Amino acid sequence: MAASTDLTAVIETIEARVAEPVSLGVARIESDGRVIVSKLLLSDDAADAFREHCRAALQAIESGTPRSYSSGAELANDEFFVVDDAETLAELAIFGDLRSSIETMPVIKPADLDHTIQLYAIAAGNDHRVLFVCRTNPQLSYRAGRFLAIGRERLARVGDPAFSFSPGFDFVMGEGWVVVLDQRAFEMLFREIGVVEQNISQWIEAITQHLPMDESDVDQLRKVALHDSRTWRRLREIEHRGHLVDVTLDQVRTYASLVGLDPDTVVAGDRLTFDPAQRFTFLHLLNEDLYKGQLTDELFEAHRKTLAGG
Amino acid sequence: MNARPPRRGSLAVRLELGLAAFAPALGLIAFRTWGSQLTWLFAVPAAAGVAVLAWGAVLVVRGNPEPFVFGTIEDQSSEIVGHIGAYLLPVLVNTTSSTEDIAVVATVMGLIVLIHVTTGRVHVNPLLYLLGRRVYEATADETAYFLVARSDVSEWTTSQPCVQVGANLLVESRPRVSRR
């Protein structure tokens, strides 16, 4: 999943679109992964304030370091992922729709915003828009006593909801690319929109078709993967690589021995065995992420793989 | 494509727009019945309608234009015929009219406004035509809207900046470029 997107072009696109019209959408995600979007009407002043938020995200991209979104990658400070593979973009299609049609969504009144809102998004531009998504509810709960400072010297009761739209966005989506600024929020959204649930069986089958597992182990693996992003990301990568087609259980045992692991913890008889407590060892082995340093004999995990000489 | 009418919007908004649409007729009746005890029945809603229109204009000027790409756009000018009945009413009353006559006119006027509010046909406002605007029903991304436009919509081939007011009303706006 190496990103080939021209980052300079991405930055120029964002900069140009942010100066153009913007629309604000809020959404709740149903249990079946459907995203129900409503639009909040904005005054010109509010739109300008959101543009400043978008520019802050642009600044984070300009000053940050891009990384490819591989299964083991974890974002550090001032880093961001660039995702541009067709498969991930297809899985995020629901946000692509939002990007192109946010202005025609049904209008919601500020007073109707409630705790069920799970994200908000700004679509910027006249066409080929850029979408800025933040996975948070913009509504602040009422403060104790429901009093807020008004004017400079006195307190008064607040009758309307108070809103908080933070300057940070979790990811920015354009034509054929996504820049992920907050990995945790992005992956939670990925799961909430049902991508993991819809694909988990297929990802696990990419293993079990070639290396059989007991049904109870498959169930355990599925259960763990549904709640652990590192697990499903590795399963997803294993499926994408498709490298297990010609792999045998003996090869897995040999590989485990080679990196100093007990092969019986991974292969029992003629089946793979899965222990949730050893899930990373299991997945690292199947994804060829473990290797011993030839100079120190220390065991390492590879978080990103690139073909040598490529 | 499954054609749908524009979203109805909230009753409060339709009521306000209804008052704005009938403000001239209500104003004329108030003028004709000036001095009568029931003049307030027409003067108050007429003033409210003018206030709504003025406030709506402020909302549009201060609103955030968004780009809409329109599919079909149909002229709604024929709907203006529905207002003709309301403009005949001022002819029927004057300062010498009895309280009963004025009450009947108020009831008929109330019914006309109510029908327009109920059917959602409150966006066809004669005042808009006087101000050089026309009202259309248009679809954008298969969603229907009432559209108030000044320019020639037949030449709209690309996205047009419009300010949305309420659930179903778009008002043509000038493109604004953000100042940094």
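In chain A, 67% of the contacts between residues at least 6 apart in sequence join residues at least 24 apart, two residues being in contact if their C-beta atoms, placed from the backbone, lie within 7 Å. The model is predicted: local features need pLDDT of at least 70, side-chain atom pairs count only at pLDDT 80 or more, and totals for chains, interfaces and linings use all residues. Residues are numbered from 1 along each chain as its sequence is written, and chains are lettered from A and ligands numbered from 1 in the order in which they are written.

The secondary structure of chain A consists of ten helices and 16 strands; helices (H or I, at least four residues) and strands (E, at least two) are DSSP runs, numbered from the N terminus. Of the 310 residues in chain A, 33% are buried. A residue is called buried if 20 or more other C-beta atoms lie within 10 Å of its own, exposed if 12 or fewer do, and partly exposed in between, with C-beta atoms placed from the backbone.

Chain A is assigned domain 1 (7-192) and domain 2 (195-301), with bounds taken from an automatic or database domain assignment. The C-alpha centres of domain 1 of chain A and domain 2 of chain A are 35 Å apart. Contact between them involves seven residues of domain 1 of chain A and ten residues of domain 2 of chain A. On the domain 1 side, helix 5 (residues 183-192) of chain A gives the most, with three residues. The residues of that side of domain 1 of chain A comprise one nonpolar, three polar and three charged. In this classification Ala, Val, Leu, Ile, Met, Phe, Trp, Tyr, Cys and Pro count as nonpolar, Asp, Glu, Lys and Arg as charged, and the others, Gly among them, as polar.

An open sheet of eight strands in chain A has the order 2-1-5-6-11-12-4-3 and mixed pairing; two strands pair if DSSP finds at least two bridges between them. Strand 2 (35-40) and strand 3 (65-68) of chain A are the edge strands, each pairing on one side only. On average, neighbouring strands of this sheet are turned by 25° against each other, direction ignored.

Strand 1 of chain A is mostly covered, with seven of its eight residues buried. Strand 1 of chain A pairs with strand 2 of chain A in the antiparallel sense over six bridges. Within this pair, A:Val26 stands opposite A:Ser38, and A:Ile29 has A:Val35 as its bridge partner. The hairpin of the two strands has five residues between them, and A:Gly33 there takes a positive phi near 90°. Strand 1 of chain A is also joined to strand 5 of chain A by six bridges, the two running antiparallel; the bridge partner of A:Gly25 in strand 5 of chain A is A:Ala121. Strand 5 (residues 119-124) of chain A in turn pairs with strand 6 (residues 130-134) of chain A in the antiparallel sense over five bridges, where A:Ile122 stands opposite A:Phe132.

Helix 4 (residues 93-101) of chain A lies across strand 1 (22-29), strand 2, strand 5, strand 6 and strand 11 (171-174) of chain A, and runs at about 120° to strand 6 of chain A. Axes are lines fitted to C-alpha atoms, for helices over the stretch in contact, and angles run from 0 to 180 degrees between N-to-C directions. The axes of helix 1 (residues 7-18) and helix 2 (residues 44-63) of chain A come within 10 Å and cross at roughly 170°. Helix 1 of chain A is therefore roughly antiparallel to helix 2 of chain A, given that angles under 35 degrees count as roughly parallel, over 145 as roughly antiparallel, 65 to 115 as roughly perpendicular and the rest as oblique. Helix 1 of chain A makes the contact through A:Ile11, A:Ile14, A:Glu15 and A:Val18, and helix 2 of chain A through A:Arg51, A:Cys54, A:Arg55, A:Leu58, A:Ile61 and A:Glu62. By class, this contact has six nonpolar, no polar and four charged residues.

Between the chains, 17 residues of chain B are in contact with 18 residues of chain A. Strand 1 (66-68) and strand 5 (160-165) of chain B are the elements that give two or more residues to the chain B side, and strand 1 of chain B gives the most, with three residues. Seven nonpolar, six polar and four charged residues make up that side of chain B. Strand 1 and strand 5 of chain B run antiparallel and are joined by three bridges, B:Glu66 having B:Cys162 as its bridge partner. In chain B, an open sheet of six strands has the order 1-5-6-4-3-2 with mixed pairing. Its edge strands are strand 1 and strand 2 (70-75) of chain B, and the twist averages 40° from one strand to the next.
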